[in-house]
Amino acid sequence: MKEISKSVRKKDHASKMSGGAKYVADWSADGALYGRLVRSPYARARVLDIHLPEMPEGCFAVDRRDVSGENRVHIVMDDTPVYAGETVEYIGDPVLMVVGHDEKETARLAKAVKVDYEELPAILNIRDYETVFFDYNYGKGDAQKAFAEADKVYEEEFQTGYQEQAYLETQGMIAQYRDGKMTVHGSMQCPYYVHGAIAKALGFTPDKVRVMQDTTGGGFGGKEAYPSILACQTAVAAYKAGGKPVRVIYDRREDMEFTSKRHPSLCTYKVAVKDGKVIAMDIDILFNSGGFTTLSAVVLQRGIIAASGVYNIPNLNVRGRAVKTNTVPTGAYRGFGAPQTFFAVETVMNHIAKDLGVEPLEFKKNHMAKQGDATSTSGKYHFPVPLPDMIEEVEKASGYYAKREEYRKPQTGRYRRGIGISLWFHGAGFTGSGERDFIKAVVKLHKFADGKVEVLVSQTDIGQGIKTTLSKIVANELNVPLDKVFCENPDTDHVPDSGPTVASRSLMTVGELLRRAAIKLRGQWVDGEEQMVEEHFKEPDFIIPFYIEKFRGDAYPTYAWAVAAVELKVDTLTGVHEVVGAWGSFDVGTSIDLNIVVGQMEGGFLQGLGYSSMEQMDTDAKGRIRNNSYSDYIIPTSVDVPNLQVIMHEEEYPDGPYGAKGAGELPLVGVPAAYISAMEQALNGVNLYHAPFSTEDTMKALREVL
Ligand code: MOS
């Protein structure tokens, strides 16, 4: 193991273990006001009038008329209003905020607000869409010709559901306006996203806005864009509050019903096979965006780029659309569009293999991309593709081939078994040319006279350990003890914009910039002096430039790879499935801290298993999220999967720090395909087309196959 991979005590260990770490809800409420949002009860309606109850002294309400800048939250397309405009577009769309001294009183006042609506027809189902937010198309080769020449054409439709991030801490923000400056702090992934959004909503110059991250209890993508919305709403209230802080902290029910979750999807795959090989794919992808666009453009981009999986498909046509429904806006969740398409492509490959009478893993091996091959977007796999070795590692750990053979035989009795395997990648870093064209990351190192060094970046530690891993890189390069390097929760008045904490980019991209900054500082180091160095992002030379209009070029500089097998035992009496074993080999390049990386792999793998089975969320007939508590949205815990084994495979990436690549999102992405494949085997080899596959789904399927 490399020296840098050796695990250390996490930088935030002591503050979290002692309870000293300050989360947004830990701030004293003395002298603060409470904010409570009043939300639409209709999926779509015109807002006619607002009637406030009698407001006690010092209590007030804010709505769109109080927005001093633009009534739009800056995310990507800026269509999300801070407070609802003339219409509401989903159940939960915030119309106004009531602000008061006491939490209960504020809740009572919010309930007493009467809003007159004129209900309008709403679109609730993805299949009924009328508005297309984003429509992308790309391809390569000649798909039409290939389909004409095919021996056989397969067409299948796949569906995936919502997934709730289920972070440990709910969304929360506190805002205060003093001396001409708006200060906002709270739970978030991306302080500069929040900063930009507030400046636009208030109409303030950037220097009049300050955003600070509080210690954050998990994000998983759920705190990528949503905090910008809540921060704008809270800041508008604080602007009116006469200098008092306004705090808005969601309870779990509000958080689960009204904040973003993973896009449900509907994917149609047409696949042309000739002489036992896939020669073309024609893919149509629909993502359900909900009422506003938020991050859908970029989520969809990542999804469609991954649509042909780890395979070298010479003729490809991909269309992707993100469509509007009058439901809660969906957004980022670990994997960011890729889990949906990987489920579809891996499952269609399994089904074709079965139809051809070929063992699915063998079939997949015959199509896998290798170093030097073209990617889906006619970029290049510049670095080794370690899948063959990783498959062997997982085969060795799981006994996949023998079990697959064994469970293929007709099974009788109450319990049935199945095993499945899936292969996937995750594009490391931000999609396309985003890093070069939009983020333009800047990092700084501040050396104090006493020799201590502060890491100045906008990266947030959301439990993934970035304070520790970034500090390790800097300490290593400066050759100083780790306790001489530190990293605080980011404050936009104090740190440069090194970009958002998203897309598995923080360690690979920002970490590498810090490594270079540390080398620079080492070269200039003068004992006893205060010094500052700075480093800016530059795209690596080998990159084939990416053009988003054409979806052409290197969508990612490199890829993290994964292979996972899942073995299930299904109870035919109750429909309950038990994960007998789950084995994954993960290549994220060099692990900067083995404990941290293995923890990330285990956690993501487990979320993937939940996404495959028990994490079922949907809307009722009116379009309202039905699952708003952890008693009816179940997430797996270590009790559900005691036999989860993670193998680290290291294929170094020369442009990442010490060979590290993106890690955070990878372990979740391809899990459902392995799970569903195991389920298919346990259910007498039936073909399945959707995830999650719940106990109820199993009962229904059992009625048909037994
Ligand atoms: Mo992420 S799912 O790019 O916050």
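**Close-up views of a predicted model**

**View 1. Helix 8 packs against helix 17.** Helix 8 (residues 338-356) packs on helix 17 (residues 671-682) at an angle of about 35°, and their axes lie 8 Å apart. The structure is a predicted model. The crossing of helix 8 over helix 17 is right-handed. Helix 8 supplies Phe342, Phe343, Glu346, Thr347, Asn350 and His351 to the contact. Helix 17 answers with Pro672, Ala673, Ile676, Ser677 and Glu680.

**View 2. Helix 13 meets helix 14.** The axes of helix 13 and helix 14 (residues 506-524) come within 8 Å and cross at roughly 30°. Helix 13 is therefore roughly parallel to helix 14. Angles under 35 degrees count as roughly parallel. The crossing is right-handed. On the helix 13 side, the residues in contact are Ile466, Thr469, Leu470, Ile473, Val474, Glu477 and Leu478. Their counterparts in helix 14 include Ser506, Leu507, Val510, Gly511 and Leu514. Arg515, Ala518, Ile519, Leu521 and Arg522 of helix 14 also take part.

**View 3. Glu477 in helix 13.** Glu477 sits in helix 13 (residues 466-478). Its relative accessible area is 11%, so Glu477 is buried. The cut-off for buried is under 20%. Beyond residues up to four places away in sequence, Glu477 touches Arg515, Ala518, Ile519, Arg522 and Tyr658. Among these, Arg515, Ala518, Ile519 and Arg522 belong to the helix 14 side of the helix 13 contact. With Tyr658 there is a polar contact, side chain to side chain, at 2.6 Å.

**View 4. Asp493 in a loop.** Asp493 lies in the loop between strand 19 (485-486) and helix 14. Its relative accessibility is 43%, so Asp493 counts as partly exposed. Leaving out residues up to four places away in sequence, Asp493 touches Lys181, Val209 and Arg210. The side chains of Asp493 and Lys181 are joined by a polar contact of 2.9 Å. For scale, take Ile283: from Asp493 it is 210 residues away in sequence and 46 Å away in space, C-alpha to C-alpha.

**View 5. Strand 17 and its two partners.** Of the 6 residues of strand 17 (residues 442-447), 5 are buried, so the strand is largely enclosed by the rest of the structure. Strand 17 runs antiparallel to strand 20 (residues 531-536), joined by 6 bridges. Here Val443 has Glu535 of strand 20 as its bridge partner. Strand 17 also runs antiparallel to strand 18 (residues 453-456), with 4 bridges. In that pair, His446 stands opposite Glu454 of strand 18. Strand 17 and strand 18 form a hairpin with 5 residues between the strands. Within this hairpin, Gly451 takes a positive phi near 95°.

View 6. Strand 2 (residues 45-51) pairs with strand 6 over 6 bridges, in the antiparallel sense. His51 stands opposite Lys114 of strand 6. Strands of a sheet pair through backbone hydrogen bonds.

Methods:
Residues are numbered from 1 along each chain as its sequence is written. This is a predicted model: local features need pLDDT of at least 70, side-chain atom pairs count only at pLDDT 80 or more; totals for chains, interfaces and linings use all residues. Side-chain values use heavy atoms; hydrogens and water are left out. Helices (H or I, at least four residues) and strands (E, at least two) are DSSP runs, numbered from the N terminus. Buried means under 20% relative accessible area, exposed over 50%, partly exposed in between (1.4 Å probe, protein chains only). A polar contact is a pair of N or O atoms within 3.5 Å; within protein, one must be able to donate a hydrogen and the other to accept it, and residues adjacent in sequence count only if both atoms are side-chain atoms. Contact means heavy atoms within 4.5 Å. Two strands pair if DSSP finds at least two bridges between them. Axes are lines fitted to C-alpha atoms, for helices over the stretch in contact, and angles run from 0 to 180 degrees between N-to-C directions. Angles under 35 degrees count as roughly parallel, over 145 as roughly antiparallel, 65 to 115 as roughly perpendicular and the rest as oblique. A crossing is left-handed if the near helix is turned anticlockwise from the far one by less than a right angle, and right-handed if clockwise.
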